[in-house]
Amino acid sequence: MDLIYAFLEQIGASSSYLARWDVALALFVGSVGGVLIGAIPGVGPAVAIAILLPATFSMDPIVGLTVLLGIYGSSMYGGSIPAILINTPGTAVNALTTYDGYPMTTRGEARRALSLAYSSSFFGGIFSVICLIFFAPILAKIAPMFGSREIFLAALLGLILVVTAHHKHTLIAAAMACFGIWLNTIGLHTASFSKRYTYDQSWLSGGVNLIVVVLGLFALSQAFTLLQGDDEKVRLTKLKGSFFQGFRELARHPRIAGVSASLGVLMGMIPGVGEFTAQFMSYTYAQKSSKRPEDFGHGSSEGLIAAETANNAVPGAAMIPLLALGIPGEALTAMMLSVFYVHNVIPGPQLFQNDMDFVVALYLALLILNVLVVIFLLIATNQLIKVVKIPNRFLGVCILILSFVGVYSLRNSFTDCILAAAFGIFGFVMKRLQLPVVPIVLGMVLGGIMEVKLRSAMARVKTPLDFIDRPIAAILFVMIILVLILHFRRVWLDHTKRKANEWSTSHASTSFPAILSRRRNFILTERGKKVRGKRKTFSRRSTDKS
Amino acid sequence: MSDEISEHPDRPIRGQILFAALFLICALVLLAGIEEQTKWLSKKSLFSQPRFWPAIGVGGMVLFTALHFWQLPKKPRTLPRWMREADWFQWAESLFWAFTALSLSLWLGPLRAAPYVGLIATVRLAWLFMHWVDRREFKIWLSVFEWAGWFLAYVVLVPILGYLPMTLLFAPLLTWRIGYRSRLMFWVSIGFALCVVLVFKSFLQVKIPGAAFYEHLPGALRSFFILNF
């Protein structure tokens with residue numbers, strides 16, 4: 001009973017943060033804006049958050065973070081709309097929704113698919129927030145056990161996971177993470193007051209601003225990509241039926257929904273893993289445990305539930321490493337970290353100990369956001385689907401104009417704009433080559449954390465083993481080793497598999513001497529035999545006595 | 001020649017060698033300047049050195065990009081016939097690079113010369129493995145500079161003409177440039193520009209300074225425009 005009273009008291013204290021008109025407006029703008037942004041293919045939450053970041057600096061921390069959280073959490077709801085209706089995911093994490101959503105649309109079940117996507121997303125979102133509210137007291141107890149060396153190891157683990165998560169692009173992802181680490185070192189080294197990589201340029205003394213890099217890599221590069229591309233013709237289908245049928249259908253698959261949401265929460269908590277792993281794991285689980293696995297990829301309701309539930313359970317869980325340790329697990333939470341720093345709210349163990357009300361208020365805001373989004377979608381889907389018709393290249397113009405607000409309003413600096421444009425071009429090239437840009441942002445953020453924490457941790461370490469003599473540090477160290485072993489094992493298996501495929505399908509050389517040699521052998525052996533046999537037949541005298 | 005490669009079907013081949021080479025060259029240039037651009041303090045431990053993290057960053061860039069470059073599927077370009085046939089040319093070229101690397105090592109010392117030798121090797125390899133698809137891709141990369149130019153022109157002109165007038169001018173102009181010539185799109189772009197200014201500058205009061213042009217406006221209108229537009 002005491003626990004329940006304490007819990008209710010906590011909720012009561014935290015809700016005072018939310019009972020304000022500006023927070024209510026932020027909740028509304030975040031939820032509706034996030035859905036709209038998600039529904040437009042080619043924009044995505046990263047672009048929107050990057051543009052809005054400087055605008056939120058002038059707001060209260062809870063207001064600014066609610067807007068950004070709203071966009072982050074609700075964009076995936078919106079992203080399922082184009083994924084289901086036109087086979088184009090609105091956000092990158094809705095890619096798996098197209099597997100089963102679009103085939104349902106082609107069967108004339110578009111509304112059923114949308115309804116299932118909304119209900120699954122709602123379940124995933126609510127499940128993760130409820131888990132977090134119940135976990136909060138435990139986190140508050142664990143977080144203080146993280147000292148400098150534990151935070152350093154957790155950041156290192158996050159960086160390694162981000163790199164290894166880019167399967168088949170690991171090397172270039174590692175190079176990009178190192179690029180991020182180097183970018184973060186530019187400017188004045190505060191511990192020794194020496195300049196690093198400034199080339200005696202005054203504009204480099206202050207370092208490279210994370211938001212300028214993020215705006216260039218995400219917003220401007222997307223604008224350039226859209227301006228450079230062509231418009232796509234979109235044909236929408238009419239929606240028939242009730243939007244509530246999805247909730248009834250979801251209730252018939254509690255096991256898949258429960259497991260997928262749990263996987264989403266688990267994967268979200270681990271820095272660097274995120275939505276993709278969560279949804280692929282839950283999709284695979286749903287397929288393996290289904291009575292009709294052959295339907296997956298051809299309009300299976302179970303597949304749609306697994307994908308949507310898992311990806312919507314992640315945003316809430318991703319706030320755990322950010323709030324408890326100050327370690328962002330992906331680009332979006334890395335951007336949010338800068339909002340905390342601007343308002344002098346330092347995420348980490350201290351935040352959980354001193355300002356638990358603020359943390360729970362954020363979770364409550366996420367809870368309310370999910371309810372608002374579902375209500376909005378149930379009412380406005382018929383009108384909302386028209387946004388997918390906005391021409392791509394015009395979207396590019398819009399993003400370019402909005403990016404100006406993001407970059408220029410930071411410090412009114414022309415140099416920042418040039419840097420952002422340079423990173424925009426760099427991001428455009430990376431996008432064309434399908435190379436990862438997220439490790440750059442995480443390298444910048446985690447690199448900074450690692451530098452500070454390692455320096456303070458090493459002051460108390462005499463032998464290398466001292467570094468991992470505390471239980472959490474030892475666990476993190478073992479996890480790092482395990483992740484590396486598993487990664488190298490996978491690389492080795494991929495290599496042997498590729499070599500086996502190469503040998504099994506290797507064709508003969510096409511070089512001219514080889515052709516001549518094969519032709520000569522053929523003439524001398526197989527064809528020679530045939531020709532000699534034929535000639536023998538013609539020259540042989542008949543032995544018939546007719 | 002096909003744009004796709006068989007070994008990495010998830011990634012286009014065009015431009016990969018060029019990108020890896022350019023990134024590696026930049027990383028090597030940074031590595032070559034590490035002594036000049038960072039300090040090594042005598043009384044500090046390794047992890048507190050100002051050079052430690054830049055070295056991790058730049059070293060990692062060089063190492064991982066070099067490995068990435070090495071594992072990319074490569075096919076030597078077709079050299080001109082006289083080059084292929086002339087043994088002396090290939091000998092002379094190899095000797096020239098070996099001589100350059102050796103003299104650099106003698107002049108700077110093997111450790112300091114390493115980035116420069118790597119740089120020469122990268123340029124040589126990139127030249128050997130680049131094809132016409134890379135050149136075509138490079139032209140596409142260059143074409144993006146036009147949009148970056150539009151953006152920077154907008155940035156330069158806002159403090160002169162003002163946020164509202166410049167946005168009202170910029171949006172329809174760029175819309176026209178990308179090929180939308182209809183009246184509908186013209187008004188849509190004007191409407192969008194107006195909304196952006198009203199939301200961000202007038203309502204959210206985002207930090208965008210008043211323009212030089214507003215100074216010429218009469219009394220009350222001047223301060224109203226500086227504050228809101």
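Select chain B of this predicted model and compare its extent with that of a globule: its radius of gyration, taken over C-alpha atoms, is 27 Å, whereas a compact globule of 229 residues would have one near 17 Å. The globule rule is 2.2 Å times the number of residues to the power 0.38. Along the principal axes, the C-alpha trace of chain B spans about 80 × 60 × 30 Å.

Colour chain B by burial next: 28% of its 229 residues count as buried (20 or more other C-beta atoms within 10 Å of a residue's own, with C-beta atoms placed from the backbone).

Then display the secondary structure. Chain B has 11 helices and zero strands (DSSP runs, H or I of at least four residues for helices and E of at least two for strands, numbered from the N terminus).

Now select helix α18 (residues 392–411) of chain A together with helix α10 (residues 183–203) of chain B; their axes, lines fitted to C-alpha atoms over the stretch in contact, come within 11 Å and cross at roughly 20 degrees. The two helices are therefore roughly parallel (angles under 35 degrees, between N-to-C directions on a scale from 0 to 180 degrees).

Show the side chains at this contact (C-beta atoms, placed from the backbone, within 7 Å). α18(A) contributes A:F394, A:V397, A:C398, A:I401, A:L402 and A:V405, and α10(B) contributes B:M185, B:S189, B:F192, B:A193, B:V196 and B:F200.

Residues are numbered from 1 along each chain as its sequence is written, and chains are lettered from A and ligands numbered from 1 in the order in which they are written. Local features need pLDDT of at least 70 and side-chain atom pairs count only at pLDDT 80 or more, while totals for chains, interfaces and linings use all residues.

How values were computed:
Parallel < 35°, antiparallel > 145°, perpendicular 65-115°, else oblique. Contact = placed C-beta atoms within 7 Å. Buried ≥ 20, exposed ≤ 12 C-beta atoms within 10 Å, placed from the backbone.
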